Amino acid sequence: MSIRPPLSTRALHAGYVALRAPLLRAARRRTDAWIEQELAAFDIRALEPARADAAFLILTFGNAGYLDFIGNWYRHFEPLGIPNYTVVALDAEADERLRAGGLRSHLLTTTSLERPGTFASYGQRDFNRLTAQKILFVYLLLHHGVDVLLTDADTIWVQDPRPALEHAADLQIQVDNHGAFEVDAEVLTHPNVNTGFYYARSNERTTRLFRNVLTLLELYPRFNDQNAMNLALKRGRKQIALLEPGADVTDAERLSVRLLDPLLFPNGSVFFRESERYAAKGAEPIMVHANWIHGRERKIACLEERGWWDPTQLL
């Protein structure tokens with residue numbers, strides 16, 4: 001009796017890919033139909049005043065359950081004097097209260113996604129739905145030729161980030177590797193990017209990337225935007241030039257992705273969880289992201305401890 005040799009890892013992977021291929025094609029068809037529906041309904045003219053004649057638009061998102069964080073973000077953003085922003089309101093209550101508080105708001109009117117109106121924490125199903133809407137809205141703007149600087153509302157803008165983002169890369173994005181204080185060989189080999197802060201230039205390469213992210217969100221319902229972005233970048237690695245913070249773009253054909261300096265744009269793991277080590281670096285952050293801190297009250301406590309919590313603009 002002959003004994004069948006065990007399948008190699010490569011053969012197992014090939015079999016898995018073959019099984020997933022029909023599902024991926026179906027997800028791509030659904031995504032294409034969804035995007036065409038949204039493009040037909042999207043009116044870019046509604047956002048022209050928010051652009052303030054700038055080359056790009058700063059976006060943050062939130063629903064009625066997230067207004068205190070939006071108010072706190074704006075409290076630190078407004079003194080920087082940057083005019084070209086808008087808050088994308090995910091429900092009518094948020095839109096009304098944002099406008100009443102003097103903030104520039106755009107009510108999201110996508111036709112095919114549910115919109116929970118409560119605070120959603122990382123990992124929750126509602127959180128994943130909200131992040132899918134962010135990717136869709138950014139895609140619509142990129143499709144219409146608008147560059148986008150996206151920031152989550154649990155970020156603190158300490159300085160104007162625009163000078164640090166004057167770079168030719170297609171996508172500049174925050175590093176989310178745990179405890180990464182620099183973009184070293186480990187980060188470049190196993191990058192984990194954060195979709196809560198990035199600058200995307202409008203071109204064919206970035207629109208294709210964001211379309212792929214939307215397809216992955218359709219294929220994997222439990223994914224959030226960060227899961228899908230990281231998988232899209234991993235799958236397309238051969239077509240991507242991954243750049244250290246100080247590196248220049250040298251390949252105009254591939255998608256260039258610049259990883260932002262973790263000392264200037266620290267994630268919550270670096271800044272809050274390893275605060276003593278971060279302080280010892282003597283860095284002056286441009287933007288601090290209060291991620292890696294799960295739950296509303298814990299986030300607020302971390303921000304209050306540093307004198308960074310003042311949501312009164314919308315209360």
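Arg 20 lies in helix H1, which spans residues 9-41. The structure described here is a predicted model. With a relative accessible area of 22%, Arg 20 is partly exposed, because that value falls between the 20% limit for buried residues and the 50% limit for exposed ones. Once its neighbours within four places in sequence are set aside, Arg 20 is in contact with Leu 219 and Tyr 220.

- Arg 20 and Leu 219 are 199 residues apart along the chain, and their C-alpha atoms are separated by 9.8 Å.
- Leu 219 belongs to helix H7, which covers residues 204-219.

**The chain as a whole**

- The protein chain contains 11 helices and 10 strands.
- Of the 315 residues in the protein chain, 53% are buried.
- Contacts between residues at least 6 apart in sequence include a 70% share that joins residues at least 24 apart.

**Packing of H7 with H8**

- Helix H7 (residues 204-219) and helix H8 (residues 225-235) have axes that come within 9 Å and cross at roughly 120 degrees.
- On the H7 side, the contact involves Leu 209, Phe 210, Val 213, Leu 216 and Leu 217.
- On the H8 side, the residues are Asp 225, Ala 228, Met 229, Leu 231, Ala 232, Leu 233 and Arg 235.
- By class, the contact of H7 with H8 comprises 10 nonpolar residues, no polar residues and 2 charged residues.

**Packing of H3 with H11**

- Helix H3 (residues 67-77) packs against helix H11 (residues 296-305) at an angle of about 20 degrees, and their axes are 12 Å apart.
- H3 and H11 are therefore roughly parallel to each other, because angles under 35 degrees count as such.
- The crossing of H3 and H11 is left-handed.
- H3 contributes Asp 68, Phe 69 and Asn 72 to the contact, while H11 contributes Arg 296, Lys 299, Ile 300 and Leu 303.
- Sorted by class, the residues in the contact of H3 with H11 are 3 nonpolar, 1 polar and 3 charged.

**Aromatic pairs and the aromatic cluster**

- The model has a count of 20 aromatic pairs.
- In one of these pairs, the ring centres of Trp 73 and Tyr 74 lie 6.5 Å apart with their planes at 50 degrees, so the pair is tilted.
- Trp 73 is buried, with a relative accessible area of 0%.
- Tyr 74 has a relative accessibility of 11% and therefore counts as buried, because the limit for that class is 20%.
- Trp 157 and Phe 197 form an edge-to-face pair, with 6.0 Å from centre to centre and 70 degrees between the planes.
- This second pair links distant parts of the chain: Trp 157 is in strand E5 (residues 155-157) and Phe 197 is in strand E7 (residues 193-200), 40 residues apart.
- Both Trp 157 and Phe 197 are buried.
- One aromatic cluster is formed by Trp 73, Tyr 74, Phe 77, Tyr 85, Trp 157, Phe 197 and Phe 265.

**Backbone at Trp 292**

- Trp 292 has a positive phi of about 65 degrees although it is not a glycine.
- Trp 292 is located in the loop between strand E10 (287-289) and H11.
- At 24% relative accessibility, Trp 292 counts as partly exposed, because the value lies between the 20% and 50% limits.

Methods. Residues numbered from 1 in each chain as written. Predicted model: local features only at pLDDT ≥ 70, side-chain atom pairs only at ≥ 80, totals over all residues. Heavy atoms only, no water. Axes fitted to C-alpha atoms, helices over the stretch in contact; angles between N-to-C directions. Helix = DSSP H or I, 4+ residues; strand = E, 2+ residues; numbered from the N terminus. Parallel < 35°, antiparallel > 145°, perpendicular 65-115°, else oblique. Left-handed = near helix turned anticlockwise from the far one by under 90°. Contact = heavy atoms within 4.5 Å. Nonpolar A, V, L, I, M, F, W, Y, C, P; charged D, E, K, R; others polar. Phe/Tyr/Trp six-rings, centres within 6.5 Å; stacked < 30°, edge-to-face > 60°. Buried < 20%, exposed > 50% of the residue type's maximum accessible area, 1.4 Å probe, protein only.
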